[in-house]
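Please look over the chain shown here.

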Amino acid sequence: MDERYMHRCLELALHGAGNVSPNPMVGAVLVKDNRIIGEGWHQQFGGPHAEVNAIQDATNKGYESDISAATMYVSLEPCSHFGKTPPCTDLIINYRIPEAVVAMKDPFQEVNGTGIEKLKAAGVKVICGVLEKEAMELNKRFIHFYTEQRPYVILKWAQTADGFMGSGNGNRLLITNEMTDRLVHKWRSEEDAIMVGTNTALQDDPSLTTRLWSGRSPIRIVIDTGLRLPSNLKIFNAEAPTIIFNNIREGQEGNLSFVQVDKEEELLPQILKHLWVSKVQSLIVEGGAKLLSSFISSGLWNEARIITSAAKIGIGLKAPSLNSSEKQKSFQSGSDLVEYFYTNR
């Protein structure tokens, strides 16, 4: 029965995708006599947490008097500190909720087990670990960010059936179908930032927005060490904040942030450190081949999504390749094959 209600928590938590970072996605339900009397999820960064919304939902439905006899199910350990909102542990204690079922501990250093201990100290029965694996998968970006102190990195590229991702002659090669294009924009809406290299920005002139999907556009990141990209490129428009990593200058111009990196040091670790400090929890890298290969060779990636079309071009710019030690899942998106690879690190 606990798993049934925790599944509902995870379903609710997903509603917060793309809106709550750098906070985790969290869902909560209140259950009395095997019936859900209130449910909620963390909807917006800085807004009420899932537990608050579940209690408010129960109150709105006329079940306020039942809350003190209900069980709180929540997909992540309730917070025990003052952040953007008051501690959820205090809320549970104040409403005299007798039992809390938690999927997983919160790895955030200001929580990390203290929420559970606070509830236990107040006499609340706590069960932890229900659907823990599923909860960890849901918030893998959040967990990785706080345990590894760098963003969760997703590599993405499209390639032809014979392994080419570009024409090689400077002309843009359109590989994916309309259905897959929409899927890619959905992916973008789920991540904090999106990155391309100098050549991709110059040759493809991408917008890197979510114009084919309803959702916020990620922070755009471009590597332009010599600041040679022309200002009329779409990546420099006002549609989304943009960070330009370069060797020349620091500064801010409207929505453009110039971040200077040391050319004597490795580039990618510097970028990821800056993103960590800036609380950019996840990054999707869309090209080009050189940049993607740099992430692969350095091992600074967590997931790769490769789209392979049925078309063959015979000659062009070769797509990167992963080693054979990664596990995968796959599905068809119309005529395109979409494959997910994960590092074993």
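The report below goes from the overall chain to one strand pair and then to a group of rings.

## Overall chain

This is a predicted model. The protein chain holds ten helices and 17 strands. Its C-alpha trace spans about 70 × 45 × 35 Å along the principal axes. The radius of gyration is 23 Å; a compact globule of 345 residues would have one near 20 Å, so the two agree.

Buried residues make up 52% of the 345. The accessible surface comes to about 16200 Å², and carbon and sulfur atoms contribute 49% of that. Among contacts with a separation of 6 or more, 69% join residues 24 or more positions apart.

## A β-α-β unit

Strand S4 (residues 99-102) pairs with strand S5 (residues 125-128). The sense is parallel, over four bridges. Val101 has Ile127 of S5 as its bridge partner. With helix H4 (residues 114-121), the two strands make a right-handed β-α-β unit.

## Aromatic pairs

The whole structure has eight aromatic pairs. In one, the ring centres of Phe142 and Tyr146 are 5.0 Å apart; their planes meet at 65°, over the 60 degree cut-off, so this pair is edge-to-face. Both residues lie in helix H6 (residues 140-148), four residues apart, about one turn of the helix.

Phe145 and Trp276 have ring centres 4.7 Å apart and planes at 50°, so their pair is tilted. Phe145 is in helix H6 and Trp276 in helix H9 (residues 267-277), so the pair ties together parts 131 residues apart in sequence. Phe145 counts as buried because its relative accessibility is 1%. Trp276, at 22%, counts as partly exposed.

Key: Residues numbered from 1 in each chain as written. Predicted model: local features only at pLDDT ≥ 70, side-chain atom pairs only at ≥ 80, totals over all residues. Heavy atoms only, no water. Pairing = 2+ DSSP bridges. Right-handed = clockwise from strand over helix to strand, strands pointing away. Rg over C-alpha atoms; globule rule 2.2 N^0.38 Å. Buried < 20%, exposed > 50% of the residue type's maximum accessible area, 1.4 Å probe, protein only. Contact = heavy atoms within 4.5 Å. Areas by Shrake-Rupley, 256 points an atom, 1.4 Å probe, with all protein chains shown as cover. Phe/Tyr/Trp six-rings, centres within 6.5 Å; stacked < 30°, edge-to-face > 60°.
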